[in-house]
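Hi,

Here is the model I promised to send over. Have a look at it first, and then read my notes below.

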Amino acid sequence: MHFIVCIKQVPEGTEVEIDEEKGILKREGVDSKLNVYDAYALEAAVALKETYGGTVTVLSMGPLQAQDVIKEAYTLGADDGYLLSDRKFAGADTLATSYALSEAIRRLPPADVIFCGMQTTDGDTAQVGPGIAELLELPHASYVSKISGMEDGCIFVEADMGDGIEELRIGLPCLLTVTKDLNQPRLPSYKLKKATQNRKVNVWDSKALEGADPSHFGLDGSPTQVERIFPPPKAHSKELWQGSPDALSQKFYAKLKELKYL
Amino acid sequence: MPYPKLDKVDIAYLTGLVGEKYIQVGDSISEDYAHDELGETRAFPEVMLEPDSAETVAEIMGYAYEKGIPVTTRGSGTGLCGGCVPLHGGILLSTARLNRVLEIDSNNLTATVESGVVLMDFQEVTEKMGFLYAPDPGEKSATIGGNVATNAGGMRAIKYGVTRDHVMGMEVVLPTGELVWLGGKVAKNSSGYSLLNLMIGSEGTLGIITKVIVKLLPRPSKVLTLLVPFPSLELAIGAVPEIIRSQLMPQAIEFMERDVILSAEKFLGKTFPHKTAPAYLLLRFDGHSSAELEAQYEAAGDVCLKAGAIDVLIANTIERQEGIWDARGAFLEALKAESAMDEVDIVVPRDQIAGFIEYTKELEAEFGVRIRSFGHAGDGNMHVYILQDDLEKNVWKEKMDTIMDLLYVRGSELGGQVSGEHGIGISKKEYLTRDLGDTLITLQQQIKQVFDPKNILNPGKLF
């Protein structure tokens with residue numbers, strides 16, 4: 001089995017700060033980390049590898065410093081890692097990102113399952129995973145919250161559709177984007193960090209994707225034009241909770257406790 | 001000594017001091033005020049007052065002194081030894097409305113707060129301003145005044161010390177009703193007996209703390225946690241002296257066992273990131289750069305692996321750390337949700353922890369009672385919980401009394417002390433008396449007599 005996991009380096013912290021004047025996300029001086037949802041995707045792949053055998057390859061696109069998240073993926077059980085890094089890839093919207101990643105996947109050993117986090121915490125679009133699948137003409141499911149197993153060239157999953165759960169049997173190869181309900185990601189292992197400290201990260205520039213259409217890379221390949229980025233006006237918070245009576249009562253209890261009413 | 005009961009005249013006078021809204025009398029007093037968090041001892045006050053200034057506290061105390069009425073101070077009531085329970089009725093004085101952070105002084109690196117300020121609120125204020133108030137007791141809804149009165153310790157004690165090490169001054173209402181300041185915003189002080197230090201840990205028996213000046217530190221910008229699984233508790237605890245000997249300075253070293261983690265998972269409804277090992281150490285490092293932290297944790301990681309750790313797991317993001325510390329913070333609540341229990345808060349020299357924990361295991365087997373422990377492996381302070389489970393209450397009590405006796409004897413033999421951070425209150429009195437012996441207990445009683453000749457301030461506690 002070969003599992004590919006698409007991962008992204010995003011700014012650390014729970015809130016993304018916006019430079020209103022320049023209309024960009026503030027990334028300088030902010031530590032970065034592995035996109036939270038991608039940790040669940042990587043955990044799913046590593047857990048399947050542990051059950052069914054095989055290898056896990058991680059793939060990312062970004063500046064050279066994004067090698068750090070690939071190195072971290074090694075400490076979480078990934079076997080191999082590729083980073084697409086080239087000025088030509090810069091400024092990519094979700095379509096151009098999906099294109100570059102899909103072209104990279106075509107050049108890797110064939111994958112049985114490609115995993116993505118359901119979205120990133122800095123972009124929040126949830127489009128890249130399905131975009132890759134469409135470009136590769138693969139069957140795919142978004143918001144996968146449970147993987148029951150693999151059998152006869154198929155994977156059995158549940159997808160959380162918001163108002164219901166969809167049970168799916170999907171033929172391999174396929175692409176899945178995953179939610180936080182899927183698993184509890186393991187923590188990076190110091191033992192693996194030591195064992196993999198000399199394992200290299202394969203850095204691919206645009207030339208490595210020879211044969212692909214360079215006009216689909218980066219800013220040139222991005223039909224989305226960002227006119228302005230601005231923080232939404234701050235409103236007094238109102239929370240709407242949905243869920244089962246059990247979960248809601250637990251949540252209500254926890255909130256009352258937090259506010260020190262109990 | 002019998003105390004007079006409050007009459008209508010007293011109630012009217014006290015109502016005049018605090019206002020009708022802030023007094024509860026007789027049957028109208030909520031049951032919550034009759035016990036602390038563990039709730040072993042219950043006693044109702046005759047009146048519960050919520051003054052909002054030190055001056056009013058002084059007036060209340062002055063009146064009580066004149067009339068000989070007992071007064072017990074109460075913060076958030078999160079104590080575990082009955083310290084805030086009004087054993088002899090009288091006045092229960094809540095500091096709930098003394099909840100203002102009065103000043104953050106960045107020139108002197110101090111904060112001045114009223115004693116009823118809640119720890120988590122204070123930590124939020126200081127952290128937002130780039131400061132660290134270093135004491136970090138697990139119970140975040142406790143008040144600063146309560147922390148000072150019990151000399152609370154907490155997770156970060158190994159690197160930063162306990163509450164005592166961070167209190168520079170305080171305003172206190174003496175049992176006579178006089179309002180005095182002890183210490184101040186001074187970094188050094190060799191001016192006579194330190195009444196300040198006498199007040200810290202006195203559990204409301206010498207005075208009512210109304211304001212506190214505490215030390216602030218620059219807040220470390222980076223924090224990282226290691227979760228270290230071990231094949232046995234012995235190996236886990238055995239690694240602690242190695243870590244300390246290596247001169248690394250973790251903020252915290254906690255130990256925990258698998259079944260307590262499972263209890264916390266059940267209680268929180270969340271999955272812990274690793275739970276296949278029988279025992280774990282939890283190490284937290286802080287620093288001002290990622291490189292500094294990395295050097296520290298790698299060195300600690302090597303020490304742990306050499307000491308037999310299965311692996312060393314790195315929680316290097318906020319989310320990863322929260323998952324672990326949320327569970328750690330819920331251990332006590334999780335056990336309480338499973339069974340009635342009582343606790344021992346013994347502190348022993350750090351290199352004696354392993355032997356002590358081993359002893360709790362022997363007692364568990366011998367008495368057939370579930371004993372769970374977790375705590376601050378780095379500073380020798382253990383929280384050992386003796387659970388009732390399905391045992392009949394009197395059977396459990398009998399066994400527990402014997403177990404506690406044995407634990408305190410062993411703690412003393414190992415060079416330990418009765419309480420590391422929870423205090424004595426009511427429940428540990430006999431153990432303190434036995435441990436300190438006549439000479440020292442008499443000295444303590446004489447000190448109490450000097451401050452409180454009528455024995456009206458939190459009577460019946462400590463000894």
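Leaving aside its neighbours within four places in sequence, which residues is B:Thr78 in contact with? They are B:Glu37, B:Glu139, B:Ser141, B:Ala142 and B:Gly146, where contact means that the C-beta atoms of two residues, placed from the backbone, lie within 7 Å.

Some housekeeping before the rest. This is a predicted model, in which local features need pLDDT of at least 70 and side-chain atom pairs count only at pLDDT 80 or more, while totals for chains, interfaces and linings use all residues. Residues are numbered from 1 along each chain as its sequence is written, and chains are lettered from A and ligands numbered from 1 in the order in which they are written.

On confidence, the model scores ipTM 0.82 and pTM 0.84. Chain B has an average pLDDT of 94, and 100% of its residues score at least 70; pLDDT is the predictor's confidence in each residue, from 0 to 100.

**Back to B:Thr78**

B:Thr78 sits in the loop between strand 3 and strand 4 of chain B. Helices (H or I, at least four residues) and strands (E, at least two) are DSSP runs here, numbered from the N terminus. B:Thr78 counts as buried because it has 22 C-beta neighbours inside 10 Å. The cut-offs are these: buried takes 20 or more other C-beta atoms within 10 Å of the residue's own, exposed takes 12 or fewer, and partly exposed is in between, with C-beta atoms placed from the backbone. B:Arg245 is 167 residues away from B:Thr78 along the chain, and their C-alpha atoms are separated by 35 Å.

**The sheet around that loop**

In chain B, 4 strands make an open sheet with mixed pairing, in the order 1-2-4-3. Two strands pair if DSSP finds at least two bridges between them. Strand 1 (23-25) and strand 3 (71-74) of chain B are at the edges with a single partner strand each, so one side of each has no neighbour in the sheet. From one strand to the next, the twist averages 20 degrees.

Strand 4 of chain B pairs in the parallel sense with strand 3 of chain B, over 4 bridges, and B:Thr73 has B:Leu93 of strand 4 as its bridge partner. Strand 2 (residues 47-49) of chain B also pairs in the parallel sense with strand 4 (residues 91-94) of chain B, over 3 bridges. There, B:Leu92 in strand 4 is the bridge partner of B:Met48. Helix 2 (residues 54-67) of chain B packs on the sheet and touches strand 2, strand 3 and strand 4 of chain B, with its direction at about 165 degrees to that of strand 4. Axes are lines fitted to C-alpha atoms, for helices over the stretch in contact, and angles run from 0 to 180 degrees between N-to-C directions.

Strand 3 of chain B is covered on both faces: B:Val71 and B:Thr73 on one side, and B:Thr72 and B:Arg74 on the other, are all buried.

**Domains and chain contact**

Chain B is assigned domain 1 (8-94), domain 2 (101-218), domain 3 (222-331) and domain 4 (339-428); the bounds come from an automatic or database domain assignment. The centres of domain 2 and domain 4 of chain B, taken over C-alpha atoms, are 29 Å apart. Their contact takes 9 residues from domain 2 and 10 residues from domain 4 of chain B.

Between the chains, 14 residues of chain A and 18 residues of chain B take part in the contact. The chain A side has 4 nonpolar, 4 polar and 6 charged residues.

**Backbone spots to look at**

- A:Leu172 and A:Pro173 are joined by a cis peptide bond, with omega about -5 degrees. A:Pro173 is in the loop between strand 11 (165-171) and strand 12 (174-178) of chain A.
- A:Glu137, which is not a glycine, has a positive phi near 55 degrees. A:Glu137 counts as exposed, with 7 C-beta neighbours inside 10 Å.
- B:Leu109 also has a positive phi, near 55 degrees, and lies in the loop between strand 5 (101-105) and strand 6 (110-114) of chain B.

Cheers

Notes. Ala, Val, Leu, Ile, Met, Phe, Trp, Tyr, Cys and Pro count as nonpolar, Asp, Glu, Lys and Arg as charged, and the others, Gly among them, as polar.
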